[in-house]
Amino acid sequence: MARLERPDEPVVLTLRGRRVLALLVAVSTTTAAIVLTVPTLGGTKAPESTIEVPVTDQPELTTTEAATGAPAEPQPADPPTAALPLVIVPGTAEPAVPPTNAPVVVNGREQPPRVEPPTAASGRLAVVPGTDAPGPGPDLLTYRVEIEAELPFDGPEFAAAVHATLNDPRGWPTRGYAFQRVDGGDADFVVIMASPALTDRLCAPLLTRGQVSCRNGSSVILNALRWGVGIEDYGGDLAAYREYMVNHEVGHRLGRGHPNCPGAGAPAPVMMQQTYGLDGCTANAWPLEDE
Ligand SMILES: [Zn+2]
């Protein structure tokens with residue numbers, strides 16, 4: 001029996017009068033075999049199902065496992081990887097692991113999917129095209145939305161979430177503000193979604209350490225890591241944490257500083273640094289009356 005020393009190269013074997021092409025492919029941390037049969041000249045047709053190929057030097061994978069489509073234990077916590085057919089066997093088209101994207105509801109609201117972004121992305125910012133009308137408040141501010149290219153977030157969805165939060169009647173419009181989204185160059189401020197690495201650069205000399213967001217001059221920089229996974233203190237309410245991020249950082253642009261938790265069990269001021277802990281307060285994404 002030939003030993004398969006180089007798993008990335010095809011090996012042609014002859015078994016029981018049939019030529020068998022075995023190609024071992026490394027997929028993530030497991031090894032799988034792609035097995036094809038090729039009838040010999042003048043030979044019989046390839047069998048419809050199981051093919052016997054001894055792979056005694058690859059003990060973690062058996063042909064039976066491969067032919068029945070029973071994969072190694074699925075790892076639901078892992079990010080999705082590109083689908084790669086493990087075995088091509090005529091007549092067994094069933095996908096091994098069906099997708100499970102059941103929506104999560106927290107505090108009565110369907111949550112956006114939790115997405116862990118890469119530590120660094122392209123480093124290039126792109127303006128999200130489009131405009132959105134402001135709310136009715138008298139103090140109009142224009143803003144532009146930019147997103148770092150190659151982050152796993154949709155620019156228009158991000159812009160829509162930012163705009164909805166900024167003009168929500170529970171938010172800064174209670175102080176008379178109205179926010180108009182523009183995509184030209186002359187906005188009053190810019191809301192940016194950036195990877196942790198780019199956040200650190202854009203926020204310097206403020207220290208965000210790849211973890212938090214900031215406001216720097218007329219730029220509001222939202223860290224894609226926090227946007228993607230939130231914080232534990234929000235108990236899975238990622239939608240509310242995203243509202244907190246927008247209101248807190250834009251609140252700095254409106255001149256607000258950092259208050260403390262006023263007392264155990266009280267709602268946290270939106271301008272409190274909730275990302276570092278709630279200090280006995282309860283999570284709150286909207287400005288309190290005295291903010
Ligand atoms: Zn702050």
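1. Two strands are taken to pair if DSSP finds at least two bridges between them. By that criterion, in this predicted model, strands S7 and S9 pair in the parallel sense over 5 bridges, and Val145 stands opposite Val191 of S9.

2. S9 also pairs with strand S11, which covers residues 219–223, again in the parallel sense and over 5 bridges; here Val190 has Ser219 of S11 as its bridge partner.

3. Helix H2, residues 155–166, has 12 residues and reaches 16 Å from its first C-alpha to its last, which is close to the 16 Å expected at 1.5 Å a residue. Its buried residues are Phe158, Ala159, Ala161, Val162, His163, Thr165 and Leu166. In an α-helix there are 3.6 residues a turn, so residues three or four places apart point the same way.

4. What covers the buried residues of H2 includes strands S7 (139–148), S8 (177–181) and S9 (189–194), together with helix H5 (238–253).

5. For the protein chain as a whole, 5 helices and 11 strands are assigned, and buried residues make up 27% of its 291 residues. Of the contacts with a separation of 6 or more, 58% are between residues 24 or more positions apart.

6. On confidence, the mean pLDDT of the protein chain is 77, and 65% of its residues reach 70 or more. Over residues 1–93 the pLDDT is below 50, although this stretch has 94 contacts in the model beyond near neighbours in sequence.

Notes
Residues numbered from 1 in each chain as written. Predicted model: local features only at pLDDT ≥ 70, side-chain atom pairs only at ≥ 80, totals over all residues. pLDDT = per-residue confidence, 0-100. Contact = placed C-beta atoms within 7 Å. Helix = DSSP H or I, 4+ residues; strand = E, 2+ residues; numbered from the N terminus. Expected span 1.5 Å × (residues − 1). Buried ≥ 20, exposed ≤ 12 C-beta atoms within 10 Å, placed from the backbone.
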